[in-house]
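Hi,

Here is the structure I promised to pass on. Have a look at it first, and then read on for what turned up.

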There are 2 protein chains.
Amino acid sequence: MVTGTLYGVGVGPGAPDLVTLRAARLIGGAAVIAYPTLAGGDSFARSIVAGMIPAGAEEIRIDVPMTEARAPAQAAYDDGAARIAERLEAGADVVCLCEGDPLFYGSFMYLMARLAAGYRVEVVPGVASPAACAAAARRPLAARNEGLAVIPATLPEEALEARIGAVESAVVMKLGRHLGKVRRVTDRLGLTGRAVYVARASLPDEVVCPLAEAPAIAPYFSMVLVTRGDDPWL
Amino acid sequence: MVTGTLYGVGVGPGAPDLVTLRAARLIGGAAVIAYPTLAGGDSFARSIVAGMIPAGAEEIRIDVPMTEARAPAQAAYDDGAARIAERLEAGADVVCLCEGDPLFYGSFMYLMARLAAGYRVEVVPGVASPAACAAAARRPLAARNEGLAVIPATLPEEALEARIGAVESAVVMKLGRHLGKVRRVTDRLGLTGRAVYVARASLPDEVVCPLAEAPAIAPYFSMVLVTRGDDPWL
């Protein structure tokens, strides 16, 4: 029997109509759907495309424990990959749902690393959150010969300052309780005035505001854009 | 009369089915479509969605001259914005087509800068080329707490080396005749072995190969990914 194909499918930032035609076709025709969930919660990726999943589709939930240690998550991916492999061996295609783009901070990479040697893997790129946040804020991410840095807010304050200060345009992700630190850094760099905070881009409760007016603690789906803005001569 | 809305619509990296559902709906219902063309050539963005454009749609071509000087391009955007404004004033919506994502190195930002103060502007984010290249190469762009730098190959060699050497994961764009320089830099940094060259991602003539095997001169739609690869312990 021919083995199935594993599809890593980006479903975009949140609005169901920001899914690509290819992703919608694959999801709409899927016999087996897989997705990670964090600490037993719901899957945001699944919620985006809930209306497109066929009624009879089998669902493989990969519950990833929320721990600092790597081993429990690795064991969860091992187990998830084994369950996916079982369906691929039986000749079924498996559509793995991924928020945003599968290979941009996505957990699909852990499944791909375990399965790519043995099975056909196809990745369907999706609309990533920086593009969605730039659209929400109507600010160019990068123009002409500017560099763009995607920077995790989890970095130490000095590293954050060095990276934001060294680049024309920056996207600061993974904010959470690090937002105050980001704000101190942009204050010192004199960049707070051109920094925008965006949360839940493309969703009904989207927030766009100057960084100076951002809440003290940010939700997971949020970022700060430190970009040139709308200079027509960029 | 109520003025129309300007939509900046990302049409993705090249494959027509990597257009989002929202973009397809807007294009399929458009009375007026606008797009820039470079030096009188065809529009790649238009070619991606040619099959979705309604038969009777009016098309506004904005021909941008290819010059080093900024003024001729600025004049072309002034003129294009004026023609778009005329249609918006008449109450028509205008759908502006953009390769990839409108605000990621897209020329839509020049039109938006000219029109956002006077008219309603909505940006529809699209699948950007780094996500498409990562999908083609099946390599994670960024994992966990890694930073990702998008770097124009047009930078001087020393700046290129400093930026690529300072970050966990890099996407080097705008290659063209700069590919040899990029290769010298990754050689010196000991990174050529984990660098991948991708051209025309998602198109039928897509190329994915190790940087060491890349052609001497790269086409416009190409980039080099210098990423960690597929380490399952990332």
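**Chain A as a whole**

A compact globule of 234 residues would have a radius of gyration near 17 Å, and chain A, with 19 Å, agrees with that. Please keep in mind that this is a predicted model. Along the principal axes, the C-alpha atoms of chain A fill a box of roughly 60 × 40 × 30 Å. You will find 7 helices and 10 strands in chain A.

Of the 234 residues in chain A, 57% are buried. Among contacts in chain A with a separation of 6 or more, 69% are between residues 24 or more positions apart. The chain exposes about 9,200 Å², and carbon and sulfur atoms supply 53% of that area. As for charge, chain A carries 22 positive and 25 negative side chains, with the centres of the two sets 3 Å apart.

**A strand to look at in chain B**

Next, please turn to strand β10 of chain B, residues 222-226. Because 5 of its 5 residues are buried, β10(B) is largely enclosed by the rest of the structure. In a regular strand, side chains alternate between the two faces of the sheet. Both faces of β10(B) are covered: Ser222(B), Val224(B) and Val226(B) are buried on one side, and Met223(B) and Leu225(B) are buried on the other.

Val123(A) is in strand β5 of chain A, residues 120-124. Is Val123(A) buried or exposed? Its relative accessibility is 9%, so Val123(A) counts as buried. Leaving aside neighbours within four places in sequence, Val123(A) is in contact with Gly8(A), Pro102(A), Leu103(A), Phe108(A) and Met112(A) of its own chain, and with Ala135(B) and Arg138(B) of chain B.

Arg120(B) is in strand β5 of chain B, residues 120-124. With a relative accessible area of 52%, Arg120(B) is exposed, given that the cut-off for exposed is over 50%. Not counting residues up to four places away in sequence, Arg120(B) touches Gly4(B), Thr5(B) and Leu6(B). Its C-alpha atom is separated by 9.2 Å from that of Leu88(B), 32 residues apart along the chain.

**Two positive phi angles**

Tyr105(A) is a residue other than glycine with a positive phi, near 55 degrees. This tyrosine, Tyr105(A), sits in the loop between β4 (94-98) and α4 (108-115) of chain A, and at 16% relative accessibility Tyr105(A) counts as buried.

Ala39(B) is not a glycine either, yet has a positive phi of about 55 degrees. Ala39(B) is found in the loop between β2 (32-38) and α2 (44-48) of chain B. At 47% relative accessibility, Ala39(B) counts as partly exposed.

Happy to hear your thoughts once you have had a look.

Best wishes

Conventions. Residues numbered from 1 in each chain as written. Chains lettered and ligands numbered in written order. Predicted model: local features only at pLDDT ≥ 70, side-chain atom pairs only at ≥ 80, totals over all residues. Heavy atoms only, no water. Helix = DSSP H or I, 4+ residues; strand = E, 2+ residues; numbered from the N terminus. Rg over C-alpha atoms; globule rule 2.2 N^0.38 Å. Buried < 20%, exposed > 50% of the residue type's maximum accessible area, 1.4 Å probe, protein only. Contact = heavy atoms within 4.5 Å. Areas by Shrake-Rupley, 256 points an atom, 1.4 Å probe, with all protein chains shown as cover. Lys, Arg positive; Asp, Glu negative; His and termini not counted. Charge placed at Lys NZ, Arg CZ, Asp CG, Glu CD.
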